[in-house]
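Here are a few notes to go with your first look at this one. Keep the viewer open and follow along point by point.

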Amino acid sequence: MCGIMGIIGETRGVDADVWGTLTRHRGPDAFGVWTSDRALLCHNRLSIIDLSEAANQPMNDAVDDLVIVFNGEIFNYLDLRQELIAAGVAFRTRSDTEVILQGYRLWGRGVLDRLDGMFAFSIWDERTRTLFAARDHIGIKPYFYRHQPGRFVFGSELKLIVAASETPPPIRDASVYEYLIYSYIPAPATIYEGVYKLEPGHWLSYDLDADQVESGRWWAVPRPGAAQDVSADVAAEQLREVFGRSVRRRMVSDVPLGAFLSGGVDSSVIVAEMARAGGSVQTFSIGYRDNPEYDETEHAKHVAQHLGVDHQVLYPDFGQSNIATYLELIIDHFDEPYGNPTVAMVHLLTAAARDQVTVALVGDGGDELFAGYPRYRALRLAQRARPFIGPIAPLLLGMLKLVPERPGKHHLGRRARQFLDSISSPAADAFQSWSSVFSADLLQQAGVDIEGVRKDFIAKWFRVGGGDDVANALFADLNSFLPYNLMEGADRMSMANGFELRVPFVSRELIEFTAALPTDLKLNGSTHKYLLKHAYREVLPEAILRRPKRGFNPPVWHWLQANELFVRTRIADSDLSRYLPAAFISQMVDSFYAKTVDNSLQLWMLLVLGHWLTASGKVSTGVSRAGL
């Protein structure tokens with residue numbers, strides 16, 4: 001796990017040492033530079049596999065015409081290494097980096113189909129003066145780039161691209177509104193005009209002499225299509241085999257490794273497979289002394305005791321200083337607005353665990369594969385209730401708005417309001433609304449011109465799924481929420497502490513396996529994650545399998561209510577009125593502190609956006625808001 005960066009073409013004006021300092025947190029163990037007359041490649045290394053200096057990067061191959069910078073881990077690298085040795089390749093290291101490099105020399109672009117891992121890499125061919133880059137199948141590792149005449153710049157973080165620019169790139173205004181809608185900016189866009197994210201499952205090539213960029217997709221999330229006819233027992237046996245293999249592969253490490261255990265089903269089955277693989281297992285979780293409705297520590301302790309693993313609980317103090325600290329963290333490590341406050345928990349956990357382990361397995365992706373979110377069940381409920389509730393939904397919604405909303409019981413008031421507000425809409429549009437923070441309709445009602453904004457990004461994925469409503473929703477989330485929200489958040493906040501997170505639920509093999517399963521094996525009646533629970537019913541305590549879902553969320557409502565002056569001052573001192581009417585913002589703040597509406601997430605997102613606008617020092621440029 002590392003930080004990569006490079007320039008092909010004009011390299012004058014870039015100080016490699018400054019670049020290395022900007023992302024030292026991603027790789028504190030070594031910093032390397034490789035240069036030629038038309039290329040500069042740099043690498044911050046976090047040593048995980050093959051700790052020797054021979055595995056440092058940038059890495060040349062034996063012929064010295066190929067040079068690689070690589071961020072991530074290839075979990076099946078030992079198998080590929082043996083295959084390459086059989087083909088006559090002589091290795092100089094035990095690293096997975098060299099496996100990619102030699103695999104590319106032998107198989108070209110076809111090496112991507114053989115990789116089981118998380119990765120973003122660039123390979124420069126000094127002989128042909130071309131660059132080849134690729135990003136893993138689901139977007140676990142980041143890759144940003146900018147192409148200007150005669151120059152191609154890439155890096156693991158946006159700040160590297162900005163630092164290499166003679167003049168700061170202008171804001172892409174459409175991205176501001178896409179952030180407000182989704183809480184993230186979907187690829188390929190970034191907050192800046194002309195700066196892009198390589199999309200998950202895509203490759204890219206840059207020909208310096210022709211000054212041309214080409215890209216294409218090497219893997220795609222399988223559409224639901226026609227599900228295979230399989231019994232729960234048979235599917236459960238297959239799942240244990242596939243998932244067990246995914247976990248075991250992700251336990252390969254030359255440094256101490258652990259897991260984050262919440263006591264939910266996803267993290268519990270990971271720890272169960274780790275325990276079954278043998279050896280000692282260290283687990284960590286977060287506790288909330290002051291906000292028991294968020295606390296899962298007793299469940300985590302129950303699982304840890306049942307499985308016989310060593311467990312530790314962290315009890316952070318959530319106060320005003322933390323809010324300011326987390327805002328700074330988000331700006332420093334995302335370099336663009338990002339609205340999911342859960343990343344604060346990721347940062348706390350990785351910081352606390354870093355003294356004992358460098359790598360941890362986490363349960364991200366289980367909800368998207370096995371229908372764990374309430375919104376999936378809501379789709380079925382809406383379909384059945386629409387003929388009865390649809391005609392009276394406005395009346396019920398009006399009555400509901402008279403009742404003050406509270407954050408307890410999983411924000412049921414807010415969710416009920418969203419459900420009634422969209423119950424008469426087609427399923428794709430309803431799912432888009434439920435997956436939005438500031439809906440496009442709300443922004444338009446506020447008088448915001450969102451022409452050119454991707455306001456139905458999720459609905460488009462839903463419509464091309466080709467399955468039933470729940471299957472289409474899972475397909476949409478695997479192409480949107482998972483890569484651009486969860487994966488980006490996990491990467492930035494773990495790497496802020498030089499810590500590697502591994503996500504066994506999103507292996508290619510497991511995603512392809514679950515895509516072919518009938519929806520009823522995922523959401524069976526009112527039972528979410530039915531197959532996952534069925535497969536591990538004899539491994540985990542029944543109380544853990546039956547407990548209701550509780551997300552890994554920080555107490556944002558409580559943070560904001562306890563720090564009214566801080567929130568009001570920060571929002572008032574920002575430049576948010578460039579994008580949203582001042583009266584609209586004031587009404588949102590007043591409603592929250594009057595406790596009439598639970599819009600805590602919207603308020604948090606305004607804090608993040610306002611802080612980013614202030615910290616970036618940007619002014620409105622009047623540039624085009626056209627979509628990419």
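Predicted model: local features only at pLDDT ≥ 70, side-chain atom pairs only at ≥ 80, totals over all residues.

1. Start with helix α5, which spans residues 173-182. It's mostly covered, with 10 of its 10 residues buried. The run goes from D173 to Y182, and among the buried residues are Y177, E178 and Y179.

2. So what covers the buried residues of α5? The cover includes α15 (427-434), α16 (440-445) and α17 (457-463), along with α19 (481-495) and α26 (600-616). Once you get just past the end of α5, have a look at S183, which takes a positive phi of about 80 degrees.

3. Next, the sheet. It is an open one of 6 strands, paired antiparallel, and you can trace it in the order β2-β3-β1-β9-β8-β10. β2 (30-36) and β10 (195-197) sit at the edges; each has a single partner strand, so one side of each has no neighbour in the sheet. From one strand to the next, the twist averages 10 degrees.

4. Strand β8 (residues 144-148) runs antiparallel to β10, and 3 bridges join them. Here Y145 stands opposite Y196 in β10.

5. Last, find F584 in helix α25 (residues 582-593). Is F584 buried or exposed? Its relative accessibility is 14%, so F584 counts as buried, the cut-off being under 20%. Setting aside neighbours within four places in sequence, F584 is in contact with F438, L442 and A446. G447 is worth a glance too: it lies 137 residues from F584 along the chain, yet their C-alpha atoms are separated by 9.3 Å.

Definitions and conventions. Residues numbered from 1 in each chain as written. Heavy atoms only, no water. Buried < 20%, exposed > 50% of the residue type's maximum accessible area, 1.4 Å probe, protein only. Helix = DSSP H or I, 4+ residues; strand = E, 2+ residues; numbered from the N terminus. Contact = heavy atoms within 4.5 Å. Pairing = 2+ DSSP bridges. Axes fitted to C-alpha atoms, helices over the stretch in contact; angles between N-to-C directions.
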